[in-house]
Amino acid sequence: MSGRNQVSRRVVLAGAGAVAGGAVVTGHAAASAPAPAVKIRPGDPRYESLLRGNNFRFAGRPDEIRVAASTEQVVGAVTEAARTGRRVAVRSGGHCFEDFTANPGVRVLLDVSPMDAVGYDPAMRAFEVRPGATLGQVYRALFKGWGVTVPGGSCPAVGAGGHFAGGGYGALSRRYGSVVDHLYGVEVVVADRDGGARAVVATREPGDPNRDLWWAHTGGGGGNFGVVTRYWLRSPDATGDPSRLLPASPREMLECVVAWAWEGMTEQAFTTLLRNFGAWHESHSEPGSPSAGLYAIFLLSHRNSGYFSLAVQIDAGLPGADGLVTEFVAAVTAGTGVEPIHHSRQTLPWLHKMTWPGTGEAGDAGTRRYKNKAAYLRRSLTDEQLATAYRHLTDDTAAGEAGMLLIGYGGQVRAVAPEATAVAQRDVVMKAVYYTTWADESGDAANLAWVRHFYRDVYAATGGVPVPDEVNDGSYINYPDNDLVDPAWNTSGVPGRTLYYKENYPRLQRIKARWDPRGLFRHALAVEPPA
């Protein structure tokens with residue numbers, strides 16, 4: 001995801017060891033057993049530094065942190081955890097919005113960040129990405145080696161491990177779909193019923209007996225079925241040399257930024273801007289639309305920031321790119337009667353745009369605390385929802401850096417059937433994100449209250465959550481929000497997991513029962529086996 005730094009989320013292999021089809025790598029030692037994953041326990045000088053991920057609201061106290069550098073080490077760590085009955089959680093980039101890796105029930109924290117290689121695997125005829133690789137590493141390696149890319153997010157520090165499993169999207173998704181629309185296969189370490197563990201390779205090939213495990217990782221979310229140790233990426237029907245197996249990287253990106261001052265901004269002008277933004281996406285989000293290459297985010301910072309802005313990105317090499325941006329900005333600003341305080345355009349090299357760390361992290365090196373909530377939109381927010389957004393973005397209760405994002409979506413994403421991958425929300429045109437970030441623990445109560453009430457009020461007509469209907473379409477599992485399974489905040493009667501997975505949830509439950517029969521992998525929003 002591309003956005004302001006308030007929202008966190010914000011090398012080449014030869015393919016050795018790749019296993020095709022349904023073959024497995026077991027955890028039972030041969031004559032030359034690999035060294036086990038590094039064990040870091042309380043008292044070790046490294047322990048405290050490795051407890052936290054990106055969101056400093058959460059820090060667990062596991063019995064040990066296991067730092068794994070290979071599939072074999074992951075197999076060994078999972079086997080040991082399973083046989084001792086200890087709950088295990090996996091961390092790659094550490095950008096989870098909730099406490100999935102820091103819950104008190106987690107006794108083994110498995111850190112796979114050293115597994116960060118990216119390259120081409122000739123045996124699979126696909127690009128191999130290890131889970132610890134950051135998006136920045138992925139883009140650099142694919143671009144430098146082959147001039148290709150995947151339509152992932154624009155926060156370069158985010159780990160591929162979680163980003164890919166939850167679906168993955170970014171500035172090129174309207175043009176090329178979700179990341180998982182290009183996922184050919186996965187290697188996953190799963191726990192057996194008898195307490196052992198093994199690494200299973202699953203692909204999208206119709207005859208693959210493990211195909212359901214691949215499908216579960218096309219949007220089923222991380223930490224549900226096992227530990228992903230490899231992803232293989234190849235676009236459907238792509239053939240030829242590696243430079244033709246994934247979308248070509250743009251040469252340059254054209255970026256336009258428009259900003260408005262809150263001072264003097266009326267509710268009518270504000271809601272007109274947002275309504276226009278939504279109406280444009282309703283009319284320009286069909287697969288193959290000439291405007292599908294245009295990606296825009298409305299960065300609606302709270303009034304206490306002084307301004308809010310619109311960011312637009314497009315491949316500068318697309319025919320008429322500059323004109324498409326001009327037409328889009330004109331459509332969004334039509335009938336508002338307000339002049340921006342800033343309007344700029346620049347063209348940047350692709351790799352600079354996608355890997356420059358300017359998107360940053362929330363907070364500073366010592367204090368990073370945030371809460372994000374999200375929803376899919378099938379059309380523009382209703383007039384009542386727009387009025388609610390204006391009220392909360394101009395109130396006096398926001399304590400930290402707070403606001404809302406409206407993010408363009410749709411396009412090629414809508415070309416894929418809801419059941420083809422685990423990403424069920426295909427008939428959508430935007431995403432909405434509600435956020436707040438703050439400095440230290442003393443701000444927890446005020447900031448959490450603000451964003452929770454904002455979200456609840458926007459969806460008041462559907463029980464405080466985005467129940468799928470003609471406007472709303474649930475939420476995105478890569479923006480996990482434990483409130484959706486809390487009856488204090490979800491009074492809709494619709495289960496939180498249905499909001500994330502819709503009709504795909506029963507299939508995910510069956511896959512969970514097959515591949516994690518002991519329930520070793522679980523968290524607050526985890527897929528649960530059938531009752």
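Visitor: Is Cys-155 buried or exposed?
Guide: This is a predicted model: local features need pLDDT of at least 70, side-chain atom pairs count only at pLDDT 80 or more, and totals for chains, interfaces and linings use all residues. Residues are numbered from 1 along each chain as its sequence is written, and side-chain values use heavy atoms, leaving out hydrogens and water. The terms rest on relative accessible area: under 20% is buried, over 50% exposed, in between partly exposed (1.4 Å probe, protein chains only). Cys-155 has 3% relative accessibility, so Cys-155 counts as buried.

Visitor: How many disulfides does a search of the whole structure find?
Guide: A disulfide needs two cysteine sulfur atoms within 2.5 Å. Cys-96 is in none. The whole-structure search gives a count of 0.

Visitor: How far is the sulfur of Cys-155 from the closest cysteine sulfur?
Guide: The closest one belongs to Cys-96. That is too far for a bond, because the separation is 15 Å.

Visitor: Which residues lie nearest the centre of the largest cavity?
Guide: A cavity is a set of points on a 1 Å grid, over the protein atoms alone, where a 1.4 Å probe fits but cannot get out; lining residues have an atom within 4 Å of a point. Here the lining has 43 residues. They divide into 19 nonpolar, 20 polar and 4 charged. Nearest the centre are Val-90, Cys-96, Thr-101, Gly-162 and Gly-222.

Visitor: Which residues touch the most other members of the largest nonpolar core?
Guide: A nonpolar core joins buried Ala, Val, Leu, Ile, Met, Phe, Trp, Tyr and Cys residues through side-chain atoms within 4.5 Å. The largest has 123 residues. Those touching the most other members are Phe-298, Leu-310, Phe-328, Met-404 and Leu-406.

Visitor: What do the buried residues of helix 10 pack against?
Guide: Helices (H or I, at least four residues) and strands (E, at least two) are DSSP runs, numbered from the N terminus. Helix 10 covers residues 383–393, and its buried residues include Leu-386, Tyr-390 and Leu-393. Contact means heavy atoms within 4.5 Å. The partners are helix 7 (267–283), strand 12 (295–301), strand 16 (401–408) and helix 11 (444–458).

Visitor: What does Ala-417 count as by relative accessibility?
Guide: Ala-417 sits in the loop between strand 16 and strand 17 (430–438). Its relative accessibility is 32%, so Ala-417 counts as partly exposed.

Visitor: What distance separates the C-alpha atoms of Ala-417 and Pro-122?
Guide: Along the chain, Ala-417 and Pro-122 are 295 residues apart. Between their C-alpha atoms, the separation is 30 Å.

Key. 1 Å grid on protein atoms, 1.4 Å probe; cavity = no way out; pocket = protein on both sides within 12 Å on 5 of 7 lines; lining within 4 Å. Nonpolar A, V, L, I, M, F, W, Y, C, P; charged D, E, K, R; others polar.
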